[in-house]
Amino acid sequence: MIKVLFVCLGNICRSPMAEGIFQQMIYEAGIDKKIKADSAGIGSWHIGEPADPRALRTLQKYGIQLNRRARQIQRDDFTNFDYILAADHKVLSDLKKLASRHITTRSRLMLIRDFDPLMPGGEVPDPYYKDIQAFEQVYQMLKRALQGFMEHIQHTHFHIQDQ
Ligand code: 4NP
């Protein structure tokens, strides 16, 4: 089982969207028994809350239902997950700081957009203070980057080449 954790600041916009999109992709690829996706936030402000209504509405447009509550990243995550993928550089640097406190960090810490063929290493901008259009842009960006990530996983772990 390969475990992937998506992380943003609040765990109500970007990382739950990434989780929902990736979950749909692994289901459609028939590998949902082999990969587990989850998401978490750096901050504690929104713990226990559902995803932002604009994130949910955008996902619903693409046939994705998301029924989850926000949680904060915790110590165990750094040993439980194979990949921890950050939404932006600040989140990645916060993750690296947190990981450096634990001797047992096993996870690979990377950016979600390291796998975006259009802009590898780019950021997923925070849409929280913007309008619904920003959520649509986040969706498109995540979809593209996660397709790249999926290919990476297929090559690396399942030895499957591109069609
Ligand atoms: P997210 O967006 O990190 O994509 O979930 C945010 C949500 C809430 C806040 C910041 C970013 N906030 O400051 O409350």
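I needed a rule before counting: rings of Phe, Tyr and Trp (its six-membered ring) pair if their centres lie within 6.5 Å. Planes under 30 degrees apart count as stacked, over 60 as edge-to-face and the rest as tilted. By this rule I got six aromatic pairs. I noted that the model is predicted.

I looked up Phe22 and Phe149, a tilted pair with 5.4 Å centre to centre and 40 degrees between the planes. Phe22 lies in helix α1 (residues 14-28) and Phe149 in helix α5 (residues 132-158), so this pair ties together parts that are 127 residues apart in sequence. I found both Phe22 and Phe149 buried.

I then took Phe115 with Phe149, which is also a tilted pair: 4.9 Å centre to centre, with 55 degrees between the planes. Phe115 is in the loop between β4 and α5, and Phe149 is in helix α5, so the pair ties together parts 34 residues apart in sequence. Phe115 is buried. I wrote down that ring pairs link Phe6, Phe22, Tyr83, Phe115 and Phe149 into a cluster.

I also checked Phe158: the charged end of Lys34 sits over its ring, 5.0 Å from the centre.

Next I turned to helix α4 (residues 89-100), which has twelve residues. Which residues of α4 are buried? I listed Val91, Leu92, Asp94, Leu95 and Ala99. They cover an arc of only 160 degrees around the axis, which puts them on the same side of α4. The buried residues pack against β1 (2-8), α3 (77-80), β3 (83-86) and β4 (108-111). On the face turned away from them I found the exposed residues Lys90, Lys97 and Ser100.

Methods
Residues numbered from 1 in each chain as written. Predicted model: local features only at pLDDT ≥ 70, side-chain atom pairs only at ≥ 80, totals over all residues. Heavy atoms only, no water. Helix = DSSP H or I, 4+ residues; strand = E, 2+ residues; numbered from the N terminus. Expected span 1.5 Å × (residues − 1). Buried < 20%, exposed > 50% of the residue type's maximum accessible area, 1.4 Å probe, protein only. Arc of directions from axis to C-beta. Contact = heavy atoms within 4.5 Å. Lys NZ or Arg CZ within 6 Å of the ring centre and 35° of its normal.
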